[in-house]
Amino acid sequence: MSEDVMSEHPTTGTQDEVSPHARAQLTLASAMFRYALWPSLATVALGAVLFGVLHGTPGVVSALIGGALACASSLITLALMRLSANSGPHIGMAASLGGFVGKMLLLFVVMTLLRGVDGLHAKSLGLTMIAVVLVAAAAEAVAFRRTKIPTIVPAGER
């Protein structure tokens, strides 16, 4: 088989045939990572500087923690896209929705646990996290718009 229809399975390391849907999903995941990486990191840096000026060391540390949580959240989405690519569109959508709900619950629990920690500024942490999530989501939407992938796979190509 040609290289464009073979892919290494992410968990077993074996070669699997890649469907057109999986190929599109893997291409999109790569594009979303490329488009979101630098804007997300720049937003973390901006939050750290801004809240460092406003709140000192607790502001910097809190902004860095919030930014790291938001970046990890975005990476979890891309990992779920890659892991569910060969499972078909229905499983991919279920993984996306389940991953979104799971991430939101995890972020809620982490924010609740970090709220009372001395030395952290809760608003710096929360605002930086929200900013990074919004920037990453916008960059991922731009990646979707600019990536040349079929959004409808004809029945003959399954």
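## How α2 and α4 pack, and what surrounds them

In this predicted model, Gly-59, Ser-62, Ala-63, Ile-65, Gly-66, Gly-67, Leu-69, Ala-70, Cys-71, Ser-74 and Leu-78 of α2 come up against Ser-124, Leu-125, Thr-128, Met-129, Val-132, Val-133, Ala-136 and Glu-140 of α4, where contact means heavy atoms within 4.5 Å. By type, the residues of this α2 and α4 contact split into 11 nonpolar, 7 polar and 1 charged.

Some housekeeping: residues count from 1 along each chain as its sequence is written, and side-chain values use heavy atoms, with hydrogens and water left out. Since the model is predicted, local features need pLDDT of at least 70 and side-chain atom pairs count only at pLDDT 80 or more, while totals for chains, interfaces and linings use all residues.

**Overall layout**

- You get 4 helices and 2 strands, with helices (H or I, at least four residues) and strands (E, at least two) taken as DSSP runs numbered from the N terminus.
- Along the sequence the order goes β-β-α-α-α-α.
- Of the 158 residues, 32% are buried; buried is under 20% relative accessible area, exposed is over 50%, and partly exposed is in between (1.4 Å probe, protein chains only).
- Among contacts with a separation of 6 or more, 71% link residues 24 or more positions apart.

**Confidence**

- The average pLDDT (the predictor's confidence in each residue, from 0 to 100) is 83, and 84% of the residues score at least 70.
- Over residues 1-7, pLDDT stays under 50, and the model has 15 contacts beyond four places in sequence for this stretch.

**The α2 and α4 crossing**

- The two helix axes sit 7 Å apart, and α2 and α4 pack at about 35°; axes are lines fitted to C-alpha atoms, for helices over the stretch in contact, with angles from 0 to 180 degrees between N-to-C directions.
- The crossing of α2 and α4 is right-handed, that is, the near helix is turned clockwise from the far one by less than a right angle.
- Ser-62 belongs to α2 and counts as buried because its relative accessibility is 0%.
- Beyond four places in sequence, Ser-62 touches Leu-120, His-121, Ser-124 and Leu-125.
- Ala-122 is part of α4, which covers residues 122-146, and it counts as partly exposed because its relative accessibility is 39%.
- Between Ala-122 and Ala-63 there are 9.0 Å, C-alpha to C-alpha, for a sequence gap of 59 residues.

**Nonpolar cores**

- A nonpolar core here is a set of buried Ala, Val, Leu, Ile, Met, Phe, Trp, Tyr and Cys residues joined through side-chain atoms within 4.5 Å.
- The largest one has 9 residues: Ala-24, Leu-28, Ala-29, Ala-31, Met-32, Leu-78, Met-81, Ala-143 and Ile-149.
- Both α1 (20-55) and α2 (57-83) put at least two residues into this core, with α1 giving the most, at 5 residues.
- Ala-143 contacts Leu-28, Ala-31, Met-32 and Tyr-35, leaving out residues up to four places away in sequence.
- A second, separate core of 8 residues has Cys-71, Leu-107, Leu-125 and Val-132 among its members.

**After α4**

- Lys-148 falls in the segment after α4 and is exposed because its relative accessible area is 78%.

Methods. Ala, Val, Leu, Ile, Met, Phe, Trp, Tyr, Cys and Pro count as nonpolar, Asp, Glu, Lys and Arg as charged, and the others, Gly among them, as polar.
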